[in-house]
Amino acid sequence: MTQERQKNYDVISKNNLSRLLKKVLHDSEFRKSLESNPKRTLLSEGIDISDASVLSYLQSSLRPTDEALLADGQVKKIFAVASGASILAAVSTPAFSKGEEQGEAIYDKKV
Amino acid sequence: MHIVMFSTPVMDVDPDGALKPIGYDASRECPPYGTYLLATRLRLFGHEVTVPDLIADGSDSVSKYLHELSSASLVGISATTLSWPTALAVIKQIREFRPDVPIVLGGVHPSSFPTHILANSSADYVICGEGEISMPMLVEALENGKKLHHIPGLVWRSENGQIFRGDPNSRLDARFLSSAPPPDYSLIPRNAYKGLSIESSRGCNFNCSFCAATYRRLWVPLAAESFVDNLVSLLTHIEGTSLELVYIIDDEFSQDPVRCIRIAEEIQSRGLHPKLTYDSRVNDILNEPFIEHMRPYTQQILVGAECGYEEGLKKIGKGTDLHSIERAAALLAKHGLSQVTDFSFIIGLPWETLEDVNKTLEFSMMLLSTYGVRILLQWYLQIPGSRLWDRYRQNESVHEKMFDQYGFFRNLYLFRIGNRLKPSEIWDISKAVHSAKVLSRLRFPEKQMIEHSLPLSIYEGFPKHESISKYSNQSSITPQNIGGTQNDSRKAKKL
């Protein structure tokens, strides 16, 4: 991992991520607040995001577009279905960009 | 005899109205194992076999293969439930070009519904279950005008339209599987796939309620040495793939962790370096030596966790508990495998309330944030073959005919019949998971750690929340009042 990527890995701690994930699952007001002002909302949780590229990513990604909600149809279990193992369903078509599929970091470019 | 054996990709109509491969077949992970395996076996019996690999082509068109079809004495087509609409399209094209050629079907879907399929398509034969014994017997019977009744698992339609069934097909045993030659991948188009497929066992000892695996409650393994022999053979062709991955397609590779350890030791002793992807179970991963031995060769693991609450795990019949799931994630993290492990969860199971789904979401997010494993969240849909399907089929809520058309997994009725949640709740869940997906990148920028999609049937049938009132006063939802598969509306809508 490059130094820049390592830095981004440390943007938030394990505990903070755990707390945030729990909160977005159950608190729709928190989600709305995140969508409209991620920096201020995260700061209210004690998380200060100063990296411009990270903030830019949050601002552009947190508000869910239809495309984003439907984008991850690359459901791995479809393989299992195809080989007769399971019954889960692919619910949309695959839409990974090449970069995403190859595991490329999405905001690790220096701004 | 010249036999032409078609593989069939899973396809759907895209937003622009074009028919395209989807899911696993869109990314062309690995070749269809059964088709190449049977082709190899038939060649051993002296037959000429060609394999038009429509998955590699990414198409349902047989037009490239008219030359092969013109000299074919028998056509074989393999299909799953998801690829069944493609198989129907292929049958239709073949019949237009060769009304006379016998067509035999195999695979999970024809095996499940042979009489329905023979009554509603122009195929002549279905081989139910494993084809290694029955297919050569059918070819011999057709060549020599023999009777068909003794062929295990064969169902056929006579000239007067009557459907007959041969002897039951019994399972192949471990000795047979261990001594059978692996598929000959020499004819696979170069770089068509990311890797090659191999099997180390068939079936599963469990009988989870959602699972449609053909052989449940009986797991038949290859001997470790035989599997590695086959692996050596496969690796001679691996350079012809784009990522050189080896996909172990077993329903349950790690059912016997001690055998897996022997496999790993054998791989090591022969100096092989395969990049393996496989499915495993939580309880198998708790056998730490298994993880330690497999680690150097593991490229990707899929762990079916399924539920994030104890009652759900019991209802599924998963044979594990939340504590074990978490311990498995911890062990994978300890051995540096969490980054290559996907924990798969099902949401919207027939009995699930919003509260149940939230428990699964919360548990899965805990695994992600604490142990760094990836999370796959998948909405439940009724697909034939499982205990849950059987229950719905018995009370006539579903029918196998519903899987004849492209896009059945976007069928709103099919989705709603197995799911108690309100569409507005499904939208909310999808938005919450989306937020979690974005936030998880703050800690894991390298990778998308959560995979989830809003079901297309809900997107199309209940766009956002405003349309809910349109349906809210209906006492029941049927294919008739919803419109079934909605290709037309999808074409009209740009996502």
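Which residues of helix 2 of chain B are buried? They are Y33(B), T35(B), Y36(B), L37(B), L38(B), A39(B), T40(B), R41(B) and L42(B). Buried here means under 20% relative accessible area, with exposed over 50% and partly exposed in between, using a 1.4 Å probe and protein chains only.

Before going on, the conventions. This is a predicted model, in which local features need pLDDT of at least 70 and side-chain atom pairs count only at pLDDT 80 or more, while totals for chains, interfaces and linings use all residues. Residues are numbered from 1 along each chain as its sequence is written, chains are lettered from A and ligands numbered from 1 in the order in which they are written, and side-chain values use heavy atoms, leaving out hydrogens and water.

Back to helix 2. Helices (H or I, at least four residues) and strands (E, at least two) are DSSP runs, numbered from the N terminus. Helix 2 of chain B covers residues 33-44. With 9 of its 12 residues buried, helix 2 of chain B is largely enclosed by the rest of the structure. From first C-alpha to last it reaches 17 Å, close to the 16 Å expected at 1.5 Å a residue; that expected span is 1.5 Å times one less than the number of residues. Just after this helix of chain B, G46(B) takes a positive phi of about 90°.

Now the sheet. Chain B has an open sheet of 7 strands in the order 4-1-5-6-7-8-9, with mixed pairing. Two strands pair if DSSP finds at least two bridges between them. At the edges are strand 4 (48-50) and strand 9 (163-165) of chain B, each pairing on one side only. From one strand to the next, the twist averages 20°, with axes fitted as lines to C-alpha atoms, for helices over the stretch in contact, and angles running from 0 to 180 degrees between N-to-C directions.

Strand 5 of chain B deserves a slide. Of its 5 residues, 4 are buried, so strand 5 of chain B is largely enclosed by the rest of the structure. Strand 1 of chain B runs parallel to strand 5 of chain B, joined by 4 bridges, and I3(B) has L74(B) as its bridge partner. Strand 5 (residues 74-78) also pairs in the parallel sense with strand 6 (residues 103-106) of chain B, over 4 bridges. There, G76(B) stands opposite V104(B), and S78(B) has G106(B) as its bridge partner.
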